[in-house]
Amino acid sequence: MTDGVRRGGPHLVLGLLQHPKPAAGLDHLYARLPPPARWARRMLMNKFRKTLKDLAAD
């Protein structure tokens, strides 16, 4: 039953901070992220957009 359940992750956290509009203090939050998270931000946002697209198709 749980095989098809999507798992949460950092892509959802960062994506939901920007969707549907950027949260207040977002730049301050990004500045405090650890370097690997800042470096992976573009990849995580792409993954978030794909998740949104997949959910819209369901």
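**A first tour**

Reply: Start at the N terminus: the elements of the protein chain run α-α-α-α. Keep in mind that this is a predicted model.

Me: How many helices and how many strands are there in the protein chain?

Reply: Four helices and zero strands.

Me: And what share of the protein chain counts as buried?

Reply: 19% of its 58 residues. The accessible surface of the chain comes to about 4,900 Å². Carbon and sulfur atoms hold 61% of that surface.

Me: What about contacts along the protein chain, how much comes from residues 24 or more positions apart?

Reply: Take the contacts with a separation of 6 or more. Residues 24 or more positions apart account for 63% of them.

Me: OK, on to α1. Which of its residues are buried?

Reply: Helix α1 covers residues 10-18, and its buried residues are His11, Leu14 and Gly15. They cover an arc of only 100° around the axis, which puts them on the same side of α1.

Me: Why would residues a few places apart point the same way?

Reply: An α-helix has 3.6 residues a turn, so residues three or four places apart point the same way.

Me: What is exposed on the other side of α1?

Reply: Val13 and Leu16 are exposed there.

Me: And what do the buried residues of α1 pack against?

Reply: Two helices: α2, residues 26-32, and α4, residues 41-57.

Me: Let's do α4 then. What span should its residues give, and what do the ends say?

Reply: α4 has 17 residues, and at 1.5 Å a residue they should span 24 Å. The end C-alpha atoms are 24 Å apart, which agrees.

Me: Which residues of α4 are buried?

Reply: Leu44, Met45, Phe48 and Thr51. Seen down the axis, they fall within an arc of 115°, so they line one face of α4.

Me: What sits on the face of α4 turned away from the buried side?

Reply: That face carries the exposed residues Arg42, Met43, Lys53, Ala56 and Ala57. The buried residues of α4, in turn, pack against α1.

Me: At what angle do the axes of α1 and α4 cross?

Reply: Roughly 80°, and the axes come within 8 Å. The range of 65 to 115 degrees counts as roughly perpendicular, and α1 and α4 are therefore roughly perpendicular to each other.

Me: Which residues make that contact?

Reply: From α1, Pro10, His11, Leu12, Leu14, Gly15, Leu16 and Gln18. From α4, Arg41, Leu44, Met45, Lys47, Phe48 and Thr51.

Me: Zoom in on His11. Is that one buried or exposed?

Reply: His11 is buried, with a relative accessible area of 6%. The cut-off for buried is under 20%.

Me: What does His11 touch?

Reply: Leaving out residues up to four places away in sequence, His11 touches Leu44, Lys47, Phe48 and Thr51.

Me: Now Thr51. Where is that, and what is it in contact with?

Reply: Thr51 is in helix α4. Thr51 is buried, at 15% relative accessible area. Setting aside neighbours within four places in sequence, Thr51 is in contact with His11 and Leu12.

Me: How far is Leu52 from Gly15?

Reply: In sequence, 37 residues. In space, they are 9.5 Å apart, C-alpha to C-alpha.

Me: Change of topic. What kind of peptide bond joins His19 and Pro20?

Reply: A cis peptide bond, with omega about 0°. Pro20 lies in the loop between α1 and α2.

Me: We skipped α3. Where in the chain is that, and where does Ala37 lie?

Reply: Helix α3 takes in residues 35-39, and Ala37 lies in it. Ala37 is partly exposed, with a relative accessible area of 22%.

Me: How far apart are the C-alpha atoms of Ala37 and Leu14?

Reply: They are separated by 9.8 Å. Along the chain, Ala37 and Leu14 are 23 residues apart.

How values were computed. Residues numbered from 1 in each chain as written. Predicted model: local features only at pLDDT ≥ 70, side-chain atom pairs only at ≥ 80, totals over all residues. Heavy atoms only, no water. Buried < 20%, exposed > 50% of the residue type's maximum accessible area, 1.4 Å probe, protein only. Arc of directions from axis to C-beta. Contact = heavy atoms within 4.5 Å. Expected span 1.5 Å × (residues − 1). Areas by Shrake-Rupley, 256 points an atom, 1.4 Å probe, with all protein chains shown as cover. Axes fitted to C-alpha atoms, helices over the stretch in contact; angles between N-to-C directions. Parallel < 35°, antiparallel > 145°, perpendicular 65-115°, else oblique.
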